[in-house]
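I opened this notebook to keep track of what I looked up, entry by entry, for a reader who is new to the chain.

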Amino acid sequence: MRYRSRVNRCILFIILSLFVLTLAGKIIKASYLKTEQKKNQALIDEAVSKIEYTQDKLAYDLELFLPLTKLKNLTDEQNGQIYLLITNFYYLNNDIKSYFETVGRALFYCQRAKNFGGTLYLYASMAKYFLQIGAEQLAFEVTAKMASFGSIYECDNVLSRIQAFQVYSSYLINEKEFDRAYLAAVKVVEDADLASIMTSPAIKNEYERAGQTIKATILLNQDKINEAYTMACSLFERYVNPDEVVSQFSAFDFYMPLLEIQIRWAVAQQNFEKAIEYFKEYGKYCDMFFFKNKKIRMAGFLMSSLPLEMSNERREIYTWLSEDSQSLVKSLVKDYTFLVYDKFSTIMTELDLQNTIYEKTRDKVRSTVFNLLLAAVIILLCYTLFNEAQTDGLTKLSNRGALNTKIFWLEFFKIHYSAIMIDLDDFKKINDTYGHKTGDEVLKGVSGIVLDAEHPHMRAYRYGGEEIVVIFERTSFDDVIRQAESIRSKICRLKFENEVKITASFGIGTKPENPIIQADENLYYAKRKGKNIVAYKLNNKQYLAERRLEIRNPMPDTIIIQ
């Protein structure tokens with residue numbers, strides 16, 4: 001095999017291999033990740049199918065999903081789905097500390113996955129919690145942040161949309177944007193049908209009456225107390241079922257707002273006995289679901305409204321206020337509601353920082369690897385192009401420029417070298433007789449013989465026309481003669497079209513003389529002595545090599561060029 005061709009092919013193979021390996025690595029990695037993510041999704045779907053959705057089974061539901069957070073190769077969407085469900089279970093279980101420790105992660109992954117519905121739902125659930133405990137300012141801050149992510153109307157998830165519209169309507173009422181609040185209430189009522197299709201028919205009644213209650217609350221805040229009261233009574237009559245088991249959400253979204261309207265209407269009518277009756281019903285729900293702050297506020301409003309002569313009633317309400325205030329303080333100390341909310345923000349910041357550091361590190365590593373790979377490819381390409389630029393197009397031998405460069409460096413580093421100069425015998429006659437096409441074929445055939453003989457210490461060059469120079473580094477003079485005779489023997493056995501044959505004369509030169517000049521002199525000596533022979537100089541005397549190499553190294557009679 002030709003040495004230079006082997007080197008060039010090796011370089012091209014390396015370049016191609018680098019690209020193929022890189023591409024294959026990416027394909028294999030992508031395939032592996034896709035397989036792992038499919039397995040993860042199957043586990044998540046299986047866990048979702050086992051959720052009980054009941055108050056007494058919340059611990060069981062958590063046990064299904066907490067181990068899933070440790071799965072490897074989860075996508076942002078899968079992480080968001082897992083943590084969203086976990087936060088929901090904590091919320092329903094009133095484990096507020098764990099809720100806020102988890103909701104930050106859920107929001108982080110939902111936002112990264114561009115899960116608009118999940119993001120809305122999580123912010124809405126936080127806002128609703130703050131509304132329930134009477135922390136309206138925090139609730140409105142969270143609601144404003146929720147609204148900054150995009151239009152609620154464009155959310156595809158109907159349950160997230162309803163939850164968001166509910167808290168957003170409270171925010172709009174606080175801002176006295178009653179028309180927009182009314183539109184949000186209308187949207188809650190309209191979406192109730194879709195929600196019932198997705199979940200259960202009972203949900204329609206829950207959301208529909210919640211939307212209507214928002215409309216009544218708007219009337220109350222517009223000081224249309226009589227209209228609000230009439231609507232509240234109508235809604236109680238229409239939607240209350242004596243057999244209903246009142247949930248935390250139905251109490252907060254339906255019963256308590258309407259009872260507040262009735263309390264304020266009774267006070268406005270100075271029907272204080274009726275107001276106290278409504279308040280007791282209101283307080284029952286507050287005690288049931290620990291809406292202590294709302295009960296304290298309503299008790300304060302009622303006590304300040306009662307006439308002085310109703311001392312017994314005022315004393316009773318004062319007692320409720322005192323007990324509920326102490327209970328509320330203990331609860332807040334226990335749950336660290338405001339502290340854990342701060343922790344939620346901290347978790348979001350930490351996760352964002354960790355992700356930024358990870359992405360920067362990953363990008364830096366990728367950039368470094370890519371730059372190294374690109375540099376290697378450029379170097380190899382430049383080397384290959386340099387080789388091509390120094391190669392004769394017809395014969396594939398190195399050209400005269402490459403020979404001059406080679407000799408310069410050999411002289412510069414004082415490396416011992418020898419040279420063979422080859423000239424085809426009577427080549428002009430072949431061109432004149434058979435044409436330049438045949439001449440080119442002869443040149444390529446002879447060059448092929450020389451190229452096949454190349455090795456790391458031997459390199460062949462087209463010197464000009466039909467002349468070839470072969471340079472040997474660190475090679476004994478005897479070996480150079482043997483190589484020359486071997487090449488000469490192979491050339492004279494070549495056979496071309498039209499029975500054309502060719503021979504070549506060889507001249508050898510070596511240090512300490514100028515090898516090229518000496519080889520040229522010996523070449524003309526070989527020509528004068530009959531051609532098709534190797535000539536060299538030894539001890540200032542010229543010699544002809546014996547033509548007996550083919551006896552020591554038998555070869556076929558003819559080498560046919562295909």
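I am working from a predicted model, in which local features need pLDDT of at least 70 and side-chain atom pairs count only at pLDDT 80 or more, while totals for chains, interfaces and linings use all residues. Residues are numbered from 1 along each chain as its sequence is written, and side-chain values use heavy atoms, with hydrogens and water left out.

**Entry: the whole chain**

I took helices (H or I, at least four residues) and strands (E, at least two) as DSSP runs numbered from the N terminus, and on that basis the chain holds 21 helices and 8 strands. Of its 562 residues, 46% are buried. I counted a contact where heavy atoms lie within 4.5 Å; among contacts with a separation of 6 or more, 65% are between residues 24 or more positions apart. The accessible surface, from the Shrake-Rupley method with a 1.4 Å probe, where for residues only the protein chains shown count as cover, is about 29,900 Å², and carbon and sulfur atoms own 55% of that.

Which residues of helix α2 are buried? In α2, residues 58-65, I found Leu-58, Asp-61, Leu-62, Leu-64 and Phe-65 to be buried. Viewed down the axis of α2, these buried residues keep within an arc of 155° and therefore line one face of the helix; the arc is that of the directions from the helix axis to the C-beta atoms. Ala-59 and Glu-63, on the other side of α2, are exposed.

**Entry: a hairpin**

Strands pair if DSSP finds at least two bridges between them, and β2 (residues 458-464) pairs with β3 (residues 467-473) in the antiparallel sense over 6 bridges. Tyr-461 stands opposite Val-469 in β3. The hairpin of β2 and β3 has 2 residues between the strands, and Gly-465 takes a positive phi near 60° there.

**Entry: salt bridges**

I called it a salt bridge when a side-chain nitrogen of Lys or Arg is within 4 Å of a carboxyl oxygen of Asp or Glu, and the count by this rule is 27. In one of them, Glu-136 and Arg-297 meet through their side chains at 2.7 Å, N to O. Glu-136 belongs to helix α6 (residues 136-147) and Arg-297 to helix α13 (residues 292-305), so the pair ties together parts 161 residues apart in sequence. Glu-136 is partly exposed at 22% relative accessible area, and Arg-297 is also partly exposed, at 42%.

I then looked up Glu-177 and Arg-180, whose side chains form a salt bridge at 2.6 Å, N to O; Glu-177 is partly exposed at 28%, as is Arg-180 at 41%.

How far apart are the closest N and O atoms of Lys-204 and Asp-193? In this salt bridge they are 3.0 Å apart. Lys-204 sits in helix α9 (residues 201-221) and Asp-193 in helix α8 (residues 178-198), 11 residues apart. Lys-204 is partly exposed at 33% relative accessibility, and Asp-193 is partly exposed at 38%.

Terms used:
Buried < 20%, exposed > 50% of the residue type's maximum accessible area, 1.4 Å probe, protein only.
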